[in-house]
Structures are given as structure tokens and as C-alpha cells.
Amino acid sequence: MTFARGAHATLPGAPLMLRRIPPANRRAIWLYTATIVVPVCVLLWLGLQSFERQRQSLARLTQERLALAVDAEARQAAAAALDDHAHPIVRTSFRIDRSLVIEPALRSPIPAPPPPEIAEAQRLELAMGKPDLALRAYRTLLAHHSQEAQEALALQGIARCLAKLGQDSEARETWRQLARDFPDSRDLAGRPFGIVAAINAGDIAGLFDRISSGRWDLSADQAEHFLKTLDPNRPSPYLERFHLARELEDGFVPAASLHPGEVYASTVGARRVFYRREASGQIAGIEADPSWLSALETRLTRDLDVHDTSRQAVLFYGASMLVVLFVLSAGMVLLYRDVSREARLNQLRSEFVSGVTHELKTPISIMRLYGETLLRQPALAEAERRDFYRVIGRESARLGRLVDQVLTFSRVERGDAQYDLQRGDLAPVVAGIADDYADWLEHLGFRVQRELPDSLPAVRFDAAALSQAVVNLLDNAVKFSGASRNIALRLAAADGRVTFEVEDAGVGIPTKDRERIFERFYRAPNDSGKGGSGLGLFMVRHIMEAHGGRAEVDSQPGQGSCFRLIFPVAG
């Protein structure tokens, strides 16, 4: 007799049990709930709602006072910051001219035409494809001009031509010289040589950090290009200033009437900005640092010293009502427990009897069917007659096991169960049990993989109890193998233990049920529809604990189960 993985759990839930409580007791529970518990809950809810409305009103007033104080002090700080961008309120600054953000610049300037001297050398290099002639022209310009911009452009041309002529080391050295001597000069596209030359020379160590620190004044497309080139996966706070510029162009609408010198506040997305109109007609502004605003709000909240007394009142009222509700609920729980205890006991008895009856009915019905067939058909062939006798014998043995298991369980419940533990070898005993049930398993279509050695270290065991445990596991594997017809029996010794395993490839057991399946009467829910009384695995665990060992299970839903009996080796 095994546990039933296919039926519902034996212990019913509260709603089911409430339906099974006698009607008179059920009415008492509902009357108690309706006349005492429900009105108390309603009063508690109404009181809390009143306190909550009071708290919300006070919170709104406090927030309004706080918002006015924060705005006033933030405007004063912003006025100072617009003259000195080093003020801690400043996260980034901006300047707008006729609805276009000109600082920080979003777009690179239009490339400037080269000076006439540079233009001739570039024509030789780029248009005519003669880097050797262009190289001589660039070097001549470098030797005869002392203007910084022209020297830097000449060095850039020399580096390019050297690279085109295959003189890579000389080209890299020229780029390094350009980055070292003219870091702030810019090429015709407005890009600093301190960045362009360093990248071409391969000297990019620390360049990402220097760009992110604002070392050069770059446009958005330049900064994004360089930073992506240096490290495409590394974020940079420096790009935030350009995100702000784009949001300003997309959604910033200044006040309709701007008075010069007066500071205005606005919100752009999630950003808080302050701005004013300059004498030139441009708008200068800053984005406030959120951490500075948060610190200001914290300080002003403390300075305002607003005490929310409604909170203490709510806590006191709520605690008092909860104490009352707890007492009433405790009374309801005690009442429910008293009136449902008998119903639970009756339900357990009913389901146990139903499970045992179902288990007993099957072998009795089979024996009766085959016995009546033998009586009605005396002319059966001898082979068929022997098969019928074999089935009757098998089912009668099964019936005996079922009765023995119920009797054993009864002795366990009374505390009278005794085991005769004798020192011996498990291997021949387990092999004998497997042989006894081989025909039955083969008749059901199962293939049994046996890994049973001839001899193992001695353990102390009760042969009858061991047989009962092994048969329970075999019966369990047969019931819950699903479509699979493979069962494995393994016996092994290691680390001072002898282990016996029964493994199937059937429906498996959910994680939440793996421990509870060893409880008495427990039947884990699944869709197999098979089950018993819920005693089989309970008896297996009880037998193993009496032997000083333990029973374990490894299982995954849909992947089968492996039940394991572990015996300590006898000293």
C-alpha cells in the first residue's frame, strides 16, 4: 500500500471544512462574525479614513510651505550661480539664442576653408594623390611659418602623408608632436588636435577621462563620436550636458515676458532649470543639481519643524482597535477550531477508510472473477488454469500485504510496533524480493534494470519489515511510472552505508510535496488519478528510522522519482 500522488491532499482547507461543519455550528460561526467582528472592522476602517484625511490635509499644507521655501532659496542660489558657475547648485549651464541652444553646442561648426598656403599642399595630397610632393610642401610651410594654427595644420598634413607613404612610425611620432605642442589648436572641422592627434598616434590612455572632465569645449556630435570611438560601452556624465541641450530645444518654453536680471524657474522633463534674459537678448541658465536640491529640501524640512501629530493619533487608534480585533479574532479561531475538530477527524477517518477499501476491493474483485471463471468453465486448458491460479495467488498475497500494512500501522499508532533486527547481508534478501515480483512486473509490461551485487557489508535489519518497505516502493513505482515502463533497482555500499534505490521515469513529485509524502495520510495532488490510503511511504520512513537509517527521495515533475533507503553498516 503506497501513498497517493494522484489524489488531493487529505487535510482539507478551511472553506471545504466549513462546508462540512454541521449546520448548527456553522450558523454560530457566521453569527459571531456578522454581529461582532464585521462591525468592529467597519469602525476601524472609518476611524482610519478620518485620520488619513486629516494627515493628507496637513501634508499638503506642509508641502506647499516647503515648496515655497525651497523655490525662494533656490532662486537666490541660481542668481549667484548665473554669475559664478562654480556654485554648488550648478549641474550644467546653457545659453539660448533665438530658441537655439548655442552653449553647449549640439552641432559642429561648418568646416573652415584652409589658408591658401595649406590649400595648395592639400590639393597635391588629396586631389592629385601625390603624398610625396604634398609632404615636401607641408614641410616647407612648417619651416617658414610661425603662426600656431598654420604650424598645426602643416604637422597634420605631414602626419597624413607619412602614413600614406607607409612611414607609420614617423607618422605616429608626428601625431604625438602635434598632440603635445598644439593640444588646443583645431583642425579645419573644429576638432582639437589634442584629441585627434592622440587617437591617430595611438596614445589614448586617459584620453576618455580628459574629454569627460571638460578639458576641451566640444559640440555634442564631436563628444559623442570621440567617446564612442575610445570606449563604446563606457558611460560618461559629460554627455548629460548635451542631453539637457536637446531637451531644451525640444521642450523648453521661456516665460512670455522676461525682465532683464530677474531669475525664472522651469521644469524640462525631470530637470529643474533656472534662467534669466541677458542684455544681449540671449537666455543664460543653469540646470540645478538634484542632490543639492534634495539637501536643501531636507534642511528646510528640518528648519520648518512641522510635527504631524495625526500620525501618532493614527498609530494609537489603530493599535487599540487591532488589540480589540485580535481578541475577537482569537475567539473566532477558538470557536472555529472547536467546531471543526470533530469534522476534521471524521473526514480523516472517512478518507482513510475509503482509501483502504479501494485498495482491498481490487484484489478481492480479481480473485472473485478468476474463481468464478474456474467454476463455470471446468474444461479450461491446463495452461490457462495455472495462469488463473497464479493470478489468484498473486492477488491474495497482495491482499495479505494490504491487511498486514493496516495492522502494522495500527501497531505503530499504538506504539506497539517491534522489529527483530538481525545482523545480515541485504543483497540476497533484496534479490529474493525482486525475484518474487519479477513475474508480476513483467506481466504489467515493466522492464526492470537490476544492479544488485551478490554480497554487501552486513547491516542490522528485520527481513519482514525490509520486505514491506521494498514492496511499497515497487508498488509506488508501478503506480506512478506513467507511460514509462522502466524501473531500476540498485544496491550499493559506500562510506559505511548500504543504499537501496528504486527509480522510475514517471510523473515525478512537485518540490513542495517531497517532504510531505512521508506524512501519514498525505496524498500529493496531481493528475494521475491513482492513489491509496497515504500510508505506504509513512511506513517506509518509520521502518527506516527504526533501523537507524533514513528514507530519501530525488524527483522532478515529469522526470521520474528515485526513492532511496540508507542503512548504516553494522559495527
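Buried residues make up 40% of the 571 residues in the chain. The model is predicted. It contains 17 helices and 12 strands. The chain exposes about 30,800 Å². Carbon and sulfur atoms supply 55% of that area. Among contacts with a separation of 6 or more, 68% link residues 24 or more positions apart.

Val 90 has Ala 288 in E5 as its bridge partner.

Helix packing was examined next. Two packed helices are described by the angle between their axes and the distance between the axes. For helix H3 (residues 116–127) and helix H5 (residues 148–164), the axes come within 11 Å. They cross at roughly 10°. H3 is therefore roughly parallel to H5, as angles under 35 degrees count as roughly parallel. On the H3 side, the contact involves Glu 117, Ile 118, Gln 122, Glu 125 and Leu 126. These meet Gln 150, Leu 153, Ala 154, Arg 160, Cys 161 and Lys 164 in H5. By class, the contact has 5 nonpolar, 2 polar and 4 charged residues.

H5 also takes part in the surroundings of helix H7 (residues 193–201). In H7, 7 of the 9 residues are buried, so this helix is largely enclosed by the rest of the structure. The buried residues are Phe 193, Gly 194, Ile 195, Val 196, Ala 197, Ala 198 and Ala 201. They pack against H5, helix H6 (168–181), helix H8 (207–212) and helix H9 (220–230). Just after H7 comes Gly 202, with a positive phi of about 85°.

Strand E7 (residues 447–451) pairs with strand E9 (residues 486–494) in the parallel sense. This pairing runs over 5 bridges. Arg 450 stands opposite Leu 489 in E9. E9 also pairs with strand E10 (residues 497–504), in the antiparallel sense and over 8 bridges. Here Ile 487 has Asp 504 in E10 as its bridge partner. E9 and E10 form a hairpin with 2 residues between them. In its turn, Asp 495 has a positive phi of about 55°.

E10 in turn pairs with E12, antiparallel and over 8 bridges. Val 502 finds its bridge partner in Phe 563 of E12. Strand E12 (residues 560–568) has 8 of its 9 residues buried, so the strand is largely enclosed by the rest of the structure. Strand E11 (residues 550–556) also pairs with E12 in the antiparallel sense. That pairing has 7 bridges. Arg 550 stands opposite Ile 566 in E12. E11 and E12 form a hairpin with 3 residues between them. Gly 558 in the turn has a positive phi of about 80°.

Helix H14 (residues 426–436) contains Ala 431. This residue counts as buried because its relative accessibility is 19%, and the cut-off for buried is under 20%. Beyond its neighbours within four places in sequence, Ala 431 is in contact with Arg 450 and Leu 452. Arg 450 is the residue that stands opposite Leu 489 in E9. The C-alpha atoms of Ala 431 and Glu 451 are separated by 9.7 Å. Those two residues lie 20 residues apart along the chain.

Helix H17 (residues 536–546) also has buried residues. They are Gly 536, Leu 537, Phe 538, Met 539, Val 540, Ile 543 and Met 544. Just after H17, Gly 548 takes a positive phi of about 75°.

How values were computed:
Residues are numbered from 1 along each chain as its sequence is written. This is a predicted model: local features need pLDDT of at least 70, side-chain atom pairs count only at pLDDT 80 or more; totals for chains, interfaces and linings use all residues. Side-chain values use heavy atoms; hydrogens and water are left out. Buried means under 20% relative accessible area, exposed over 50%, partly exposed in between (1.4 Å probe, protein chains only). Helices (H or I, at least four residues) and strands (E, at least two) are DSSP runs, numbered from the N terminus. Contact means heavy atoms within 4.5 Å. Two strands pair if DSSP finds at least two bridges between them. Axes are lines fitted to C-alpha atoms, for helices over the stretch in contact, and angles run from 0 to 180 degrees between N-to-C directions. Angles under 35 degrees count as roughly parallel, over 145 as roughly antiparallel, 65 to 115 as roughly perpendicular and the rest as oblique. Ala, Val, Leu, Ile, Met, Phe, Trp, Tyr, Cys and Pro count as nonpolar, Asp, Glu, Lys and Arg as charged, and the others, Gly among them, as polar. Accessible areas come from the Shrake-Rupley method with a 1.4 Å probe; for residues, only the protein chains shown count as cover.
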